[in-house]
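Here is a short briefing on one protein chain. Look at the sequence and the structure first, then read on.

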Amino acid sequence: MTITLPETTVPTSAVAAIDCATAVQRLWDYLDAELDASHMAEVEAHLRGCSECGPHFAFARKLAEQIAASRTAVEPCEALHERVVAALAAEGFRRARPGTFDPPRV
Ligand SMILES: [Zn+2]
């Protein structure tokens, strides 16, 4: 599995320079593509020009890929679902519509 990051649309001239500490601080958010476009671009620009951070990011990216690949799909357990629904009903919750409950009225 390969993690694909979105292309940033921030012009190169608008990208602020960041130091290694800032780049590493943003590492996981960058790999999860959870930074805004300008911060993504800052990290990308830093990685292009920094030989120190490249290996750290490559390791983290590989680790994230391995974790994602090792996940196994878990089928929902119908028996557990029924026990939760029964417990909610026993506490006074009422099914508002399929899949949701209203809290008990006090
Ligand atoms: Zn660096």
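Is Leu 27 buried, partly exposed or exposed? Leu 27 counts as partly exposed, because it has 17 C-beta neighbours inside 10 Å. The cut-offs are these: a residue is buried with 20 or more other C-beta atoms within 10 Å of its own, exposed with 12 or fewer, and partly exposed in between, with C-beta atoms placed from the backbone.

This is a predicted model: local features need pLDDT of at least 70, side-chain atom pairs count only at pLDDT 80 or more, and totals for chains, interfaces and linings use all residues. Residues are numbered from 1 along each chain as its sequence is written.

**Overall layout**
- The protein chain has five helices and two strands. Both are DSSP runs numbered from the N terminus: helices are H or I with at least four residues, strands are E with at least two.
- Starting at the N terminus, the order of elements is α-α-α-α-α-β-β.
- Of the 106 residues in the protein chain, 8% are buried.
- Take the contacts with a separation of 6 or more: 60% of them join residues 24 or more positions apart. Two residues are in contact if their C-beta atoms, placed from the backbone, lie within 7 Å.

**The largest nonpolar core**
- Five residues form this core: Ala 23, Tyr 30, Met 40, Ala 41 and Val 43. Helix H3 (residues 37-49) gives the most to it, with three residues.
- A nonpolar core is a set of buried Ala, Val, Leu, Ile, Met, Phe, Trp, Tyr and Cys residues joined through C-beta atoms within 7 Å.
- In soluble globular proteins, nonpolar side chains tend to be buried together.
- Leaving out residues up to four places away in sequence, Ala 23 touches Ile 18, Val 43, His 46 and Cys 53.

**Around helix H2**
- Leu 27 sits in helix H2. Beyond its neighbours within four places in sequence, Leu 27 contacts His 56, Phe 57 and Ala 60.
- Leu 27 and Met 40 are 13 residues apart in sequence, and their C-alpha atoms are 9.9 Å apart.
- Ala 33 lies in the loop between helix H2 (27-31) and H3. Ala 33 is not a glycine, yet its phi is positive, at about 55°.
- Ala 33 counts as exposed because it has 12 C-beta neighbours inside 10 Å.

**Helix H4**
- Helix H4 covers residues 53-70, 18 residues in total. From first C-alpha to last, H4 reaches 26 Å, close to the 26 Å expected at 1.5 Å a residue. The expected span is 1.5 Å times one less than the number of residues.
- Of the 18 residues of H4, zero are buried, so H4 lies largely in the open.
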